[in-house]
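Biologist: I'm new to this one. Can you put it up and walk me through it?

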Protein chains: 2
Amino acid sequence: MIKIDGNKFKKELLEEYKEKIASEHLDIRLDIIFVGDNGASEVYVGKKLEAASYVGIRTNLHRLGMKTTTKEVQDLIKSLNEDDEVTGIILQSPVPKGVDFDSCAGLIESRKDIDGFTKQNIFALYNNDEELIPCTVKGIIKLLTHYGVNLEGKNVVIIGRSSIVGKPLALALINRNATVTVCHSKTVDLEAFTKNADILISAVGVPGLIKENMVKEGFVGIDVGTTRVFDEASGKNKLKGDFDFEALSKKASLITPVPGGVGPMTVTCVIENLIDAKLEEKKHQKKMNLKINR
Amino acid sequence: MIKIDGNKFKKELLEEYKEKIASEHLDIRLDIIFVGDNGASEVYVGKKLEAASYVGIRTNLHRLGMKTTTKEVQDLIKSLNEDDEVTGIILQSPVPKGVDFDSCAGLIESRKDIDGFTKQNIFALYNNDEELIPCTVKGIIKLLTHYGVNLEGKNVVIIGRSSIVGKPLALALINRNATVTVCHSKTVDLEAFTKNADILISAVGVPGLIKENMVKEGFVGIDVGTTRVFDEASGKNKLKGDFDFEALSKKASLITPVPGGVGPMTVTCVIENLIDAKLEEKKHQKKMNLKINR
């Protein structure tokens with residue numbers, strides 16, 4: 001059994017990105033819009049800013065108060081869309097009740113949409129013509145590829161059907177020739193599906209949902225669930241995944257822990273999407289220059 | 001075993017639509033753009049026009065020659081988008097090589113997009129906030145509902161991953177709480193999946209692909225495959241589905257034949273989408289009037 005080390009792989013990738021950004025003189029800027037004061041967001045935003053700074057990406061954090069209006073966020077996004085200095089824009093979720101997240105995030109220009117959730121990017125993913133794809137999806141695929149898992153023809157079972165993980169992951173894996181099953185809270189006899197999975201990916205947030213008797217010998221397990229649970233032994237809150245990790249480890253050929261598995265990859269792929277966005281922009285500029293010089 | 005009669009159900013629905021259109025005074029117009037002279041398209045377009053006329057929908061067929069350019073089709077679509085008389089626009093596929101289908105069809109305004117393939121409509125389907133959904137998908141769901149099949153928690157296996165049937169169908173069925181597996185040409189051991197399906201939907205176009213030993217007793221079978229095959233006995237071409245129909249009939253609780261199953265439902269749902277588009281337009285106008293009168 002190999003326990004995937006997401007943090008180690010993240011470090012390796014960040015070194016690669018740092019070198020690439022320096023050697024290719026990529027001038028990248030990430031703008032994050034953070035409305036309100038959600039505690040978890042505080043942590044996530046901090047990690048994104050830290051990783052970006054580390055690899056040599058300029059960052060700009062727009063902190064807006066709880067009373068911010070939808071119009072104010074929309075206006076900010078519009079101005080960032082038009083600003084040639086800005087490579088990527090992230091509107092951190094969740095936002096306070098007074099702000100309509102979808103009508104704001106939907107305004108982000110697709111080429112600056114680092115989270116990959118806008119209409120154009122989802123449509124491209126749907127049509128197997130991927131542009132910027134959601135960071136968690138990209139992270140999972142990078143992990144699997146890095147650890148030598150071939151997706152073609154594999155029986156992949158995804159638990160969870162959110163627009164953020166389950167559904168884009170299903171589309172991305174179908175694009176990579178896997179046979180994909182999407183299970184969720186209404187699935188009858190979950191075990192019948194998980195038991196046959198070559199690769200099992202859980203993204204529901206029910207700690208310990210997947211038990212030893214529900215998986216097959218040698219399966220690959222990716223745990224996207226992260227739930228804060230009070231740990232009596234330490235008297236502290238701990239992050240718990242959807243897997244009963246200790247038990248599943250015995251049967252898995254490859255498995256991600258929580259924390260330290262998929263989580264670090266999501267942050268890593270924010271950086272990768274920023275680099276991809278910049279390279280696309282440069283390609284586009286080259287084309288435009290060629291046209292002008294003709 | 002019940003053999004689904006798509007033609008009979010189509011007739012019933014068309015009567016309903018006809019009555020609704022008359023009683024609610026719905027003034028609907030369908031514009032079909034038909035470029036070139038594809039023989040199969042000739043038949044499909046004819047069926048759509050016939051059904052529309054029958055229920056009291058005005059139709060306008062734009063026949064364009066083989067030498068039509070992308071720009072010409074785009075300009076036509078733009079003018080139909082702006083024309084308040086036009087309720088729905090269909091760009092019949094395929095188009096001749098000189099026309100870029102995607103860049104034309106992508107221009108159709110989402111509220112007039114009767115085929116349901118544009119970015120906005122696919123994105124809405126993806127987000128479980130359905131607007132106009134693809135006609136074949138809608139047709140299959142109508143059939144299943146009409147014949148009393150409850151989708152929630154059912155194990156649905158879809159064979160085929162096209163953007164026209166397999167993928168939108170998967171999204172629509174996930175929205176309706178089914179557990180969905182998408183199989184395709186790269187699936188290893190197809191039988192392992194089909195054998196456990198409560199509902200098996202095949203949309204690949206390989207005549208006789210699904211044989212008796214591949215399905216379970218009492219399954220519901222929906223055959224979307226249609227392939228023209230030369231029939232030696234009659235000396236004529238015949239339409240063949242993906243199912244070995246005679247054999248599968250013995251095990252199915254409910255099954256669609258080819259022809260006369262899903263096919264007629266696709267045409268029927270063109271009409272239903274036109275009515276839905278008109279009703280949405282009226283709702284929108286009412287809102288606008290309220291705003292103006294305030």
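Modeller: A word on labels to begin. Helices (H or I, at least four residues) and strands (E, at least two) are DSSP runs, numbered from the N terminus. Take Pro259(B) as an example: it is found in the loop between strand S11 (254–255) and H10 of chain B. Also, keep in mind that this is a predicted model.

Biologist: What sort of peptide bond leads from Val258(B) to Pro259(B)?

Modeller: A cis one, with omega near -5°. Ser93(B) and Pro94(B) are also joined by a cis peptide bond, and omega there is about 0°.

Biologist: Where does Pro94(B) lie?

Modeller: In a loop of chain B, between strand S4 (88–91) and helix H4 (101–105). For context, most peptide bonds are trans.

Biologist: New topic. What rotation superposes chain A on chain B?

Modeller: One of 180°, with 0.0 Å of shift along its axis. The RMSD is 0.0 Å. The two copies are therefore related as by a two-fold rotation axis.

Biologist: Which C-alpha of chain A is nearest the axis?

Modeller: That of Thr181(A), 2.0 Å from it. Both copies use the same surface: 100% of the contact residues of chain A recur in chain B.

Biologist: How many residues are in contact?

Modeller: 22 residues of chain A touch 22 residues of chain B.

Biologist: In what sense do S6(A) and strand S6 of chain B pair?

Modeller: Antiparallel, over 3 bridges. Thr181(A) stands opposite Thr181(B) there.

Biologist: And H7? How many residues of helix H7 of chain B are buried?

Modeller: 9 of its 10, so H7(B) is largely enclosed by the rest of the structure. Among the buried ones are Pro168(B), Leu169(B), Leu171(B), Leu173(B) and Ile174(B). Lys167(B) is on that list too.

Biologist: What comes after H7(B)?

Modeller: Asn177(B) follows, with a positive phi near 70°. In chain A, phi of Asn177(A) is near 70° as well, a positive value in a residue other than glycine. Asn177(A) is found in the loop between H7 and S6 of chain A. With 17 other C-beta atoms within 10 Å, Asn177(A) is partly exposed.

Biologist: Is His25(A) buried or exposed?

Modeller: Exposed, because it has 6 C-beta neighbours inside 10 Å. The cut-off for exposed is 12 or fewer.

Biologist: Let's move to helices. What does H3 of chain A look like?

Modeller: Helix H3 (residues 70–82) of chain A has 13 residues. H3(A) reaches 19 Å from its first C-alpha to its last, close to the 18 Å expected at 1.5 Å a residue.

Biologist: Which residues of H3(A) are buried?

Modeller: Val73(A), Leu76(A), Ile77(A) and Leu80(A). Seen down the axis of H3(A), they fall within an arc of 100°, so they line one face of the helix. They pack against strands S2 (29–35), S3 (58–64) and S4 (88–91) and helix H4 (101–105) of chain A. The face turned away from that buried side carries Lys71(A), Ser79(A) and Glu82(A), which are exposed.

Biologist: Now chain B. Which residues of H2(B) are buried?

Modeller: Lys48(B), Ala51(B), Ala52(B) and Val55(B). Down the axis of H2(B), the buried residues fall within an arc of 100°, so they too line one face of the helix. Their cover includes helix H1 (6–23), strand S2 (29–35), strand S3 (58–64) and helix H10 (262–293) of chain B.

Biologist: And what is exposed on the other side of H2(B)?

Modeller: Several residues, including Glu42(B), Val43(B), Glu50(B) and Ser53(B).

Biologist: How far apart are the end C-alpha atoms of helix H2 of chain B?

Modeller: 25 Å. At 1.5 Å a residue, the 17 residues of H2(B) (residues 39–55) should span 24 Å, which agrees. After H2(B) comes Gly56(B), whose phi is positive, near 95°.

Notes:
Residues are numbered from 1 along each chain as its sequence is written. Chains are lettered from A and ligands numbered from 1 in the order in which they are written. This is a predicted model: local features need pLDDT of at least 70, side-chain atom pairs count only at pLDDT 80 or more; totals for chains, interfaces and linings use all residues. Copies are superposed by least squares on the C-alpha atoms of residues with pLDDT of at least 70 in both. Two residues are in contact if their C-beta atoms, placed from the backbone, lie within 7 Å. Two strands pair if DSSP finds at least two bridges between them. The expected span of a helix is 1.5 Å times one less than its number of residues. A residue is buried if 20 or more other C-beta atoms lie within 10 Å of its own, exposed if 12 or fewer, and partly exposed in between; C-beta atoms are placed from the backbone. The arc is that of the directions from the helix axis to the C-beta atoms.
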